[in-house]
Amino acid sequence: MSERYLFAGARVIDPASGRDEVADVLVVDGTIASLEHGAGNARVIGCTGLILAPGLVDPHTHLREPGREDKETVETGCRAAALGGYTAVSPMANTDPVADNAAVIHEVLDLGAKAGLSDVFPVGAITRGIEGEVIAELGEMVETGVRIFSDDGHAVPNPRVLRNALTYVKAFDDVVIAEHCEDDALAQDGQMHEGYHSYSLGLAGKPRESEEIVVARDLAVARLTGGRLHLLHLSSAGSVQMVRRAKAEGLRVTAEVTPHHLTFTDEDLLTYDTNFKVNPPIRTAEDRDALRAGLSDGTIDVVGTDHAPHAVEEKEVEFDQAPPGTIGLETALAAILTHLVEPGLLSLARAIEVLSSAPARLIGAAEHGGPIEPGRPANLVVFDPDVEWVVEPPFASKSRNSAFTGTTLKGKVLHTMYRGELVVADGKAQR
Ligand code: NCD
């Protein structure tokens, strides 16, 4: 017996086809079968007043496996992803051991397949052990399907090494080098954005320049090589302006921003809440507004969660002892809807583009990000744009270090369909 689902009466928003209309979406055996009316004998999922979009794609997440399974596993991270509306995630390489060779990549791929809750597209390290010195086995990782390389957590410190990496990936049309833009020397010991609030709190700061120096250098090396460069989690207005100019010049550069950098400011750190301690730091309202404008005008291409789970006992310590990071998979869509779409800063179609179709292109997830058309794999999310909810533990993530804890968000994921399976139904994980 074939499995048939009918998403009835949903507003379908699909940036890849430009579609924004009410339709019935019929899924048969994992594939979108039609957008015409009429169900046959399908299981009907009433979607009146709801939005149906391509499943979200997170180009930047930390699943911590192998090595720190107490914080997250591929399975728990993928369940959190599914609850957040994601059907594909790219876990970063800063695991233990580091994902700098085909064996670790295969392990993560196998764990993802075993969990079967979303597609997993591992990021490979640029340098061996993320030590910044020797280029990792990029070729053997490309053969396993890796399309994005990053030493996330650190920038590649040596511009010559970066030059070699960017030159190497030119051999592959669809492979990109993703940089964490922070100069370790200038950012050293910094706990938060350097400015009025870091002075008043007595915490060591990280100046904007610790990011902007790396952005400027990396754009110069991208120009030198012609290699494809992606800049992770931008935090400063100056970085946005540099990327805008680089794109106008025709450089092959893309950029990312996180929901927390789009939402909060350094004033939120006045509570000393360690969940706001992230790399790069959350900066001023002026920076946040520049990030929002950059996302809206296309300077910034994608939203990545930088879901960075940490154990309770690690985060519940003095501010300067806590590791940086906030979880984000379960709140990203609602945060973007609440803080960008609701106030009119971003259209709903652009929000879905930056959360789904654009990151799918970036990480080479051809079966995700739409278009929602007959014959395509059924990777879909359905959400209610009007439901308000308060973010609070428990989370599906093994960790609870969410910067959004206690805040009210508007918009809730109800159903996530991954390859034709309803892995989340009525807001609940099905397994
Ligand atoms: C990241 C993590 O925890 O892996 N944390 C973060 O705040 N972004 C690593 C990093 O980028 O520093």
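Student: Which residues lie nearest the centre of the largest pocket, and how many residues line it?
Tutor: Two notes on the source come before the answer. This is a predicted model, where local features need pLDDT of at least 70 and side-chain atom pairs count only at pLDDT 80 or more, while totals for chains, interfaces and linings use all residues. Residues are numbered from 1 along each chain as its sequence is written, and side-chain values use heavy atoms, with hydrogens and water left out.
Tutor: Now the general idea. Rolling a probe the size of a water molecule over the atoms shows where empty space is left. The search runs on a 1 Å grid over the protein atoms alone. A pocket is an open set of points with protein on both sides within 12 Å along at least five of seven lines; a cavity is a set where a 1.4 Å probe fits but cannot get out; lining residues have an atom within 4 Å of a point. Here, 31 residues line the largest pocket, and G153, H154, H180, N279 and P324 lie nearest its centre.

Student: What volume does the largest pocket have?
Tutor: Grid points are joined across faces, edges and corners, and a volume is the space filled by probe spheres set on the points. For the largest pocket that gives about 620 Å³.

Student: How does the lining of the largest pocket divide by class?
Tutor: Ala, Val, Leu, Ile, Met, Phe, Trp, Tyr, Cys and Pro count as nonpolar; Asp, Glu, Lys and Arg as charged; the others, Gly among them, as polar. The lining of the largest pocket has seven nonpolar, 15 polar and nine charged residues.

Student: Where does the ligand sit?
Tutor: A molecule sits in a pocket or cavity if more than half of its atoms lie within 2 Å of its grid points. The ligand sits in the largest pocket.

Student: Which residues around the ligand come nearest?
Tutor: A residue is near a molecule if one of its heavy atoms lies within 4 Å of it. There are 13 residues around the ligand, and R64, N94, N279, D306 and H310 come nearest. By class, this shell has three nonpolar, seven polar and three charged residues.

Student: What lies 2.8 Å from an oxygen atom of the ligand?
Tutor: Look for polar contacts, pairs of N or O atoms within 3.5 Å. A polar side-chain atom of R64 is 2.8 Å from a ligand oxygen atom. D306 places a polar side-chain atom 2.8 Å from a ligand nitrogen atom. G325 uses its backbone: an N or O atom there lies 3.3 Å from a ligand oxygen atom. The protein covers 93% of the 310 Å² of accessible area that the ligand has on its own (Shrake-Rupley method, 1.4 Å probe).

Student: Which residues are closest to the centre of the second largest pocket?
Tutor: This pocket holds about 270 Å³ of space. It has 18 lining residues, with L83, E330, W389, K412 and G427 closest to its centre. The lining divides into 11 nonpolar, four polar and three charged residues. Helices (H or I, at least four residues) and strands (E, at least two) are DSSP runs, numbered from the N terminus. Helix 12 (332-341), strand 16 (380-390) and strand 17 (408-418) each supply at least two lining residues.

Student: How many cavities of 30 Å³ or more are there?
Tutor: The count is three. The largest cavity has a volume of about 60 Å³. Its lining includes I32, P54, G370 and P371.

Student: Which peptide bonds are cis?
Tutor: Most residues other than glycine have a negative phi, and most peptide bonds are trans. Here, the bond from G370 to P371 is cis, with omega near 0 degrees. P371 is in the loop between helix 13 (348-363) and strand 16. Another cis bond joins P393 and P394, with omega about 5 degrees. P394 lies in the loop between strand 16 and strand 17.

Student: What phi does I130 have?
Tutor: I130 has a positive phi of about 50 degrees, although it is not a glycine. I130 lies in the loop between strand 8 (119-120) and helix 3 (138-143).

Key:
Polar contact = N/O pair within 3.5 Å; in protein donor to acceptor, adjacent residues only side chain to side chain.
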